[in-house]
Amino acid sequence: MPCNRWATFATSVLVLSLFMSARSMHAQVALPDILYDNTIPPAHRVTPDAAVSDLRAATHRLFDDIPSNRVTLPTDSMHALVIARATQWLNVIRTLPLTALTVNGASRVAVMAGQDSLAQAQIATRLATPGLSVADRGYTLLLATLAFTDTTQPSRLTTAEQYCAKLDSLPVTIAGLWQYRAHAALSNAYDVLGRTASFVTHGRRALMLVPKMPYIDRMIIIPDVQEFELVPEPNPYMPLAMVLAPTSQGRARLDTLTQGLLDASRAPDSLISANPMYGQIAQILASMIQAHAGAVALIGHPAPSLHVTHWWNAAALTSANARPDTTTTRRDSMSLHGGIVRVLLFGQYGLGCCLAELRGLERIHQQFPIGVQPIYVTSTTGHWGFRIVSPAEETRLLQETYITEHEISIPIALWAGEKKKTPQGWIIPERSPDLEAYHTPMDDYESQRSPYLVIIDRHGVIRRTLTRFERAQEAQTAAFIRALLQER
Amino acid sequence: MSMRPTSTRSLPRPFTRRTFLKTTSMGVAALQLGARRLLADDLTTGATGNTVLPEPMPPETLRTLAACALEAAKAAGATYADVRVASHQWLAIELSPGADQPAVLSDAGFDMGIRAMVDGAMAFVYRHVPNVDAAAAMARNAVASARGFSRVLLHPIELVPAPALTGEWSTPMQIDPFTVPVKEQAAVLGGWQAAAKQVKYGEVSSTKAQWARETRVFASTEGAMLTQQFMRLDQPVFVQGVVGLSRCGLSVDGMTNSSGGYELLLAPDVHERIVARTEEAVRFAWMPATTIDVGRYDVITTGAATAALAARMLGPAFELDRALGEEVAGGGTTYAMPPADVIGTSLLSPRVTMHVSRTAPTSALQKWDDEGVECSSFPVVEHGQLVDYYTTRHTAGALRAWYAKTGRALRSNGSAIAPTAAHAPAAWAGDLTLAPSAESTTVDELCRGVTKGILLHCPDYRFWQYTMLDQQLTSVQVNDGVSLMLQLERGRPVRRVLLANLQVATKTFWGKSLKAIGGAATVDYATQVNAKGIPSYEMLVHASAPAAHFTDVNVIRIGGAG
């Protein structure tokens, strides 16, 4: 297909020139391996929602699907690409007759194209629809809030706040779920931007809505219970807890919130009598809230030492006092007190998400080459696939996997415990007493909660724990580390 | 229809490897590629089905291979042979809920199969290798097998006469989906997801567009040479309402197995249909659930539910090969047998009138069947009386007396269908149409006055095979896991019924139990998978039908305590 090849070539040249021009502005800009075709096929009729889907895919492709070693991409140029694409879509959409169902999508495209006034006019048109139900009004206001909740242009947050306020005026029994989502999204945005007061305000308001919602809605806001992304916004509980827990006043507010959620987790008797499964769900919800609360308990306490048997990439440990202390009787015991910020990621070889988060840890390391020490902490499991292996053999295999195969460059701490028999007759590796100190009530919820991220400040105090460290959490984590580095 | 006559020139001969290579594309080798998952970069660079798949084999190449096989069969001593040669390509784009990037799979392949007759015995052989040597070997193998069968044959096969047709036909379409960028198609799927999300507690659980493009050539030693190009779409879209622990999934009307081009994805009212269906799913999910006592109930079926039951219970019953016992060790037999005793009798309720065709834009649409006979629209049941079966050239002779009695010519009605060129043709229904009532009876009117009843919905327009049938199709059990049963109180649906199954005897159900049928406004459709053959293979049967009221239906309870 020569024409396609030409189109690809032409696109390559276009994108290459864009990145090359960006390269002149950013000394450390690296050219991505991927190319992006920024043309819109104009031949076929589309809907605004299809345009939104295309733009989401484009944004994902540009910002989230980049190899981990390409962290210095010119984000301004990439935003320009998305805006240009959205503008093209907008031109297509302008030729379409908008219906009640499609005007919401059109307004989202307008926002992505930077046409805020147009978007607001379209939202106003939708809200002025005669006979619009409260539910439809609420959904429109939720979409409007989400569209303007833009961390790349913080000035838009004012508009988002206005739509959120209108959404708050609707009855919580009908719009409570969307009010929750709007506040959770705003809370997340303020967290990314480091605007703590607003982050706390919206996070608390989101969580305080939960007890007021119908029970059915309460259930689907809890992570792991929600399905099919009914609530895609991150749950604000854990990040909020990280901020509130260190002070006594904050801790009291957090305890109130936690108790409110625990109370809200109890299913009404009428529901349980109609369907006994609600009783089980209530128990799961309560245990999850308690597990999250338990994870917060480490906050504000001194970090226990790391007591491991092997270090790889130890040369990458950044300062003398951060190196393993080999003079003690313990094997490679390392104090985590003083000097630098440390980010510990506890993970297991067999979990794909651990490797993904390890890449995230590498990206954090590349953002903070000085003053921040990432350490990946892992341990042997006693088996390799279906094969029972000795600690020495597993250590060798793990070293090959992490260092040779995956080329991990950050320090890796390994606890390779000798095997021992359990009372039940199983043979498992002994556990490191120091690593046990990092274990949380999460372990009661799942046998071993991995991955698990712990951030320790320069005074050796645990300041944040994360049970999830995906792409979505990287920016907030980076902002938090930046704040820690600025502390005296 | 883009039918145009082909040249009447004689087929080139002789067919040697040298002449074949001269006349065919080097792209043939590429057809041996297996399924391929598109890489992320394919999606960013405007990749289309055409750019990621090898070029289809030209029809001329397929015709050459067909002619080659026929030459070899004749040379080996076949008294008759027919061959199907096909090049097919497949592109599936699936967008998971909440995903930004689609999963895309593509595949291409080649099939050919030959039926050869010697002394009244027939044998079928197939191959997947697109070259003249394979075609010739396949033909010789079929002839040798038929010769072997002829020595133990009790009843020689007789093919009823059929004109030797030549021509070309393509599925009518406006936009070739294999020229549309995959990412654009994925964006359309994403738009559908957004539409469902507008409904509180609504979600799309699956969106997929699966395109199948096939060029199939039929040729026979009688001189037939037909080329058909099919473009089919399977676009299962499921929405669901999730209300706490209660959930209800529904497929979206109009989004099922179809024939046509990319324009099928761009139907102007698709968002409205998705929203309406999602609202319906949420409404059902909100309904309280109950179990009911076993016993006999009135059952009102929506148009889609009637169609699903018809496709399952009536669809296979009138396949003539099944009625003749040819499928006794395969798909089974039927309650409508033996044909000579049953044809012309009142088998079902006088309210049942059923036609069969292959002219609707479903995936059954085609111009000629796989014996080269033009597909036709014909009645099978008229006011309960069985008036015809789905016939093929080799089975239609069994109805010779009936056709003579009713003044009709002895001919196949064009129901010989092979799912691929590597399958032997057999009798299949295609599209069933149950005629609605002349009156404008609605579902609500059918429900009115029912004091102890069930309203049966078909949540999935592709009801699939979860309704259980016996080998003779005489009894059916409808599972609550694949249907949506609502309890009727004072003529209104009030609760979802759990753990109930309907158990019916086919002839009774479509006979004295059928109390009323709905008007034209209640007509809906469904698709079923039915199986036959040895080894077994599956084909889709489409049906459209009005709502209906059945009485005295046995309801049993399965599972659960008490």
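B:R400 is partly exposed, with 40% relative accessible area.

**View 1. A salt bridge joins B:R400 to B:E158.** The model is predicted; local features need pLDDT of at least 70, side-chain atom pairs count only at pLDDT 80 or more, and totals for chains, interfaces and linings use all residues. Residues are numbered from 1 along each chain as its sequence is written, and side-chain values use heavy atoms, without hydrogens and water. The N to O distance is 2.7 Å. A salt bridge here is a side-chain nitrogen of Lys or Arg within 4 Å of a carboxyl oxygen of Asp or Glu. The pair links distant parts of chain B, 242 residues apart. B:R400 lies in helix α11 (residues 400-405), B:E158 in the loop between α5 (132-150) and β5 (166-170). Helices (H or I, at least four residues) and strands (E, at least two) are DSSP runs, numbered from the N terminus. B:E158 is partly exposed, at 39% relative accessibility. Partly exposed lies between buried (under 20% relative accessible area) and exposed (over 50%), using a 1.4 Å probe and protein chains only.

**View 2. B:R84 pairs with B:D82 in a salt bridge.** Their closest N and O atoms are 3.0 Å apart. Both B:R84 and B:D82 are buried.

**View 3. B:E374 and B:K367 form a salt bridge.** The closest N and O atoms lie 3.0 Å apart. B:K367 is buried, with 17% relative accessible area. B:E374 is partly exposed, at 37%.

**View 4. A network in chain A connects A:R387, A:E393, A:R396 and A:E400.** Salt bridges with shared partners join these residues. Over all chains, the whole structure holds 31 salt bridges.

Terms used: Chains lettered and ligands numbered in written order.
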